[in-house]
Amino acid sequence: MPAAPAPRADIADIEVRAAGKTFESERGDVQALVDIDLSIRRGEFVSIVGPSGCGKSTLLKCIAGLERLSSGSLEVRGKAVSESPDDMGIVFQRDLLVDWRTILDNVLLVSEFRRYDRAKARKRAVELLELFGLADYATRYPWELSGGMRQRASICRALVDDPAMLLMDEPFGALDAMTRDQLNIELQRMWLATGKTVLFITHGIAEAVFLSDRVAVMSRNPGRIIEIIDVDLPRPRALSVRETPAFTRYTAHLRDVFLSLGILKDE
Amino acid sequence: MAARKSAWYARSLEVALVLAASILVWEVAVRIFQPKPFILPSPSSILAEFWHQPGYFLEQTLYTLATTMGGFVLALILGFVAAVGIVYSRFLERTLYTLLVALNSVPKVALAPLFVIWMGTGAEPKIAIALTIAIFATVIDTVLGLRSVEPELLNLAKAARASEWHVLTKIRLPSALPSMFAGMKLGISLALVGAIVGEFVAGNTGLGQVILQAQGMFQTPRMFVAIIILGVLGTVLFYAVDWLERWLLPWHISQRGAAITHGA
C-alpha cells in the first residue's frame, strides 16, 4: 500500500469563512449554521462529527452548491460557489441507486449528467467496481444487492469522473457495524491510493478519528464548530488501531467535548 | 421461474373449470325450466348465434377495438403532454390540473350526445368519448408518478449539474413509469366503456350497436354474444397492458419478490 500522500498545506481546496445559514420558518428564524470557519487543504481527509440537527449536512449541501449560505463566504478551489462545483463527487447516506438500471449503469448515471466521455467513464466504472469487489455484480440490479454493496456502488458512482474532491454525508450511517468497519478500510485504501480531498460527515466519533487527518466538532442550536483536532496516527491504519492508547486519547477527548457541551450526558 | 409458471397453469385451470361448470349449470337449467329464449337463451343457442355469422361479429369487434385503441392512444399521448406541462409549470398546475380534477366529476357519458352534434355519427365522436373518459386516469397517474421522485435523487442530479432534459428522461420518467402503467390499466378499460357509450348514442357499427339493434328485435342470444365478446375484449386489453408492463419494467417493485427468488 502506498504511503499517505501529504496534504499540501499551501493550497486550500475548500475555504469556508464566517459562514452562516438561517432557515426562515413560521416559528421564527432557525440558525442552522453560525460563524463557521473551515479550511480543507488539497488531499486532506477532514471529518465533521456532531449530533443530529447540528447543521453538518447543511454545511455539506452549501459546499456542494445545493444550498446557499445566508452570510459569510465559501470558496471551492479559489472560486466562490454559485452553482455546484466541478470536480466534486458526493456520496449521500442513502445510496440513491435507481431500480431501473443495473449496477454498472447506476455507476455511470452521474457521468452521464456531467456529459463525461462515455467510453472512458465505462472503463473507469469497471475498474472501480473491481476495486470495491463488485465486478461480479455489474449486470445485477440494486435490489439484488445488500446494503453494503449498494453503498459501495454509490461510492463508485461518485468516483467515476475521478473528481479531486469527495463529499460524504454520513455514508455508512445506515449500515451494520461490521460492514461499516469494512467500508472504512476500503475508503482509506482508496484515499491513500488517490490522494483526494475528502470531507466526511458522521456522528461516529471513532469512525471520524479512524479516517481523518483532522476532525471538526460541531454543536447544535445553533450549529457551530467548537474545536478542530489533528489526528496524528500513522497510515495506513488497521482496525486494531482503535484499541491503541493514542487512538483512545483522541476519542476520549472528543467524547469529553460532547459531554461538556451537554450533547452527551454521563449519568 | 418454473414454479411460477406451473402456479399460473394451475390457476388458469381452476378458472377454466369453474367457468365450464357455470356454463354447464346454465345449459341444464335452461333445458329443464325452459324460460322464454328472449329472456334467457341457452349457452348453446348463444354459441349457435355466433357460429351463424362469425365474420359479422369479427367486423363489429374490430370496429369497437379500433375506436377504443384510438381513444386510448390519444388519451395516453395528450395525457402525457398535459402531465409534463402540469409538473413543470406552476401556472398549468393551478389552472389545468384544477380544472381537470373538477371536470372529472362531470359524468362524461352526458357529453356523448354533444359530441355527436359536433362530430357526426362516424368513428370520431366514439374516439372522442373514449378519450374523454380515459384521459383523467392517464393524466392524474402520470402527474403522481412524475412527482413521486425522491428529492435526494434530484439533489444528486443537481450536484452533477444535470440538464432539465436529463432529469426528465433519466430520473423523472423512469420513476413515473409504474404509476403511468397503473393509469394505463385503468385507462384502457375506461376507453372501452367510452367507445361503447359512443356507439349507443349514434352510428350503426360496433358491438354497442349490435347490442342496441338486437334489443330492438328481441334477439337476446345476439346481445349475449356481443356482451361476452366485450368481456373477452376488456380482459385481453387489460392483460396486454399488464404484459407490456412486465416486459418493460422488470425492475418494478411489485415484481421484486419474484425477481429475488429468480436470482437466488
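**Pockets, cavities and cores in a predicted model**

User: Which helices of chain B each supply at least two residues of the lining of the second largest pocket?

Analyst: Helix 1 (2-33), helix 2 (43-52) and helix 10 (220-248) of chain B each contribute at least two lining residues to that pocket. Please note that this is a predicted model.

User: Which of them gives the largest share of the lining?

Analyst: Helix 1 of chain B does, with seven residues.

User: How much space lies in that second largest pocket, and which lining residues are closest to its centre?

Analyst: The second largest pocket holds about 490 Å³ of space. It is lined by 15 residues, of which B:Leu19, B:Ile23, B:Ile228, B:Ile229 and B:Val232 are the closest to the centre.

User: How does the lining of the second largest pocket divide into nonpolar, polar and charged?

Analyst: There are 13 nonpolar residues, one polar residue and one charged residue in that lining.

User: Moving on to cavities: how many of 30 Å³ or more does the structure hold?

Analyst: The structure contains two cavities of that kind.

User: Which residues line the largest cavity?

Analyst: Its lining consists of B:Leu76, B:Phe80, B:Thr138, B:Thr142, B:Met180 and B:Met184. Helix 3 (54-88), helix 6 (123-147) and helix 8 of chain B are the elements that give two or more residues to this lining. Four of the lining residues are nonpolar, two are polar and none is charged.

User: And what lines the second largest cavity?

Analyst: The residues around the second largest cavity are A:Glu170, A:Pro171, A:Phe172, A:Gly173, A:Arg180, A:Phe200, A:Ile201, A:Thr202, A:His203 and A:Glu207. Strand 8 (residues 197-202) of chain A provides the largest share, three residues. By type, the lining divides into four nonpolar, three polar and three charged residues.

User: Back to helix 8 of chain B. Where is B:Gly187, and what does it touch?

Analyst: B:Gly187 is located in helix 8 of chain B. Leaving out residues up to four places away in sequence, B:Gly187 touches B:Phe72, B:Ala134 and B:Ala137. The C-alpha atom of B:Gly187 is also 6.3 Å from that of B:Thr138, although 49 residues separate the two along the chain.

User: Why does B:Gly187 count as buried?

Analyst: B:Gly187 counts as buried because its relative accessible area is 0%, and the cut-off for buried is under 20%.

User: Is B:Lys185 buried or exposed?

Analyst: B:Lys185, which is also in helix 8 of chain B, counts as buried at 17% relative accessibility.

User: Which side chains make polar contacts with the side chain of B:Lys185?

Analyst: The side chain of B:Lys185 makes a polar contact of 3.1 Å with that of B:Asp242 and one of 2.9 Å with that of B:Glu245. With residues up to four places away in sequence set aside, B:Lys185 touches B:Phe238, B:Val241, B:Asp242 and B:Glu245.

User: Finally, which residues of the largest nonpolar core touch the most other members?

Analyst: That core has 86 residues, and A:Ile14, A:Val16, A:Ile36, A:Ile48, A:Leu59, A:Ile63 and A:Leu167 touch the most other members. Helix 8 (residues 164-201) of chain B gives the most to this core, eleven residues. Another core, of 50 residues, lies apart from it and includes A:Met149, A:Ile155, A:Trp191 and A:Leu192.

User: What is A:Ile14 in contact with?

Analyst: Beyond neighbours within four places in sequence, A:Ile14 is in contact with A:Leu38, A:Ser39, A:Ile40, A:Ile63, A:Glu75, A:Val76, A:Met165 and A:Leu167.

How values were computed
Residues numbered from 1 in each chain as written. Chains lettered and ligands numbered in written order. Predicted model: local features only at pLDDT ≥ 70, side-chain atom pairs only at ≥ 80, totals over all residues. Heavy atoms only, no water. Core = buried A, V, L, I, M, F, W, Y, C linked by side-chain atoms within 4.5 Å. Buried < 20%, exposed > 50% of the residue type's maximum accessible area, 1.4 Å probe, protein only. Helix = DSSP H or I, 4+ residues; strand = E, 2+ residues; numbered from the N terminus. Contact = heavy atoms within 4.5 Å. Polar contact = N/O pair within 3.5 Å; in protein donor to acceptor, adjacent residues only side chain to side chain. 1 Å grid on protein atoms, 1.4 Å probe; cavity = no way out; pocket = protein on both sides within 12 Å on 5 of 7 lines; lining within 4 Å. Points joined across faces, edges and corners; volume = space filled by probe spheres on them. Nonpolar A, V, L, I, M, F, W, Y, C, P; charged D, E, K, R; others polar.
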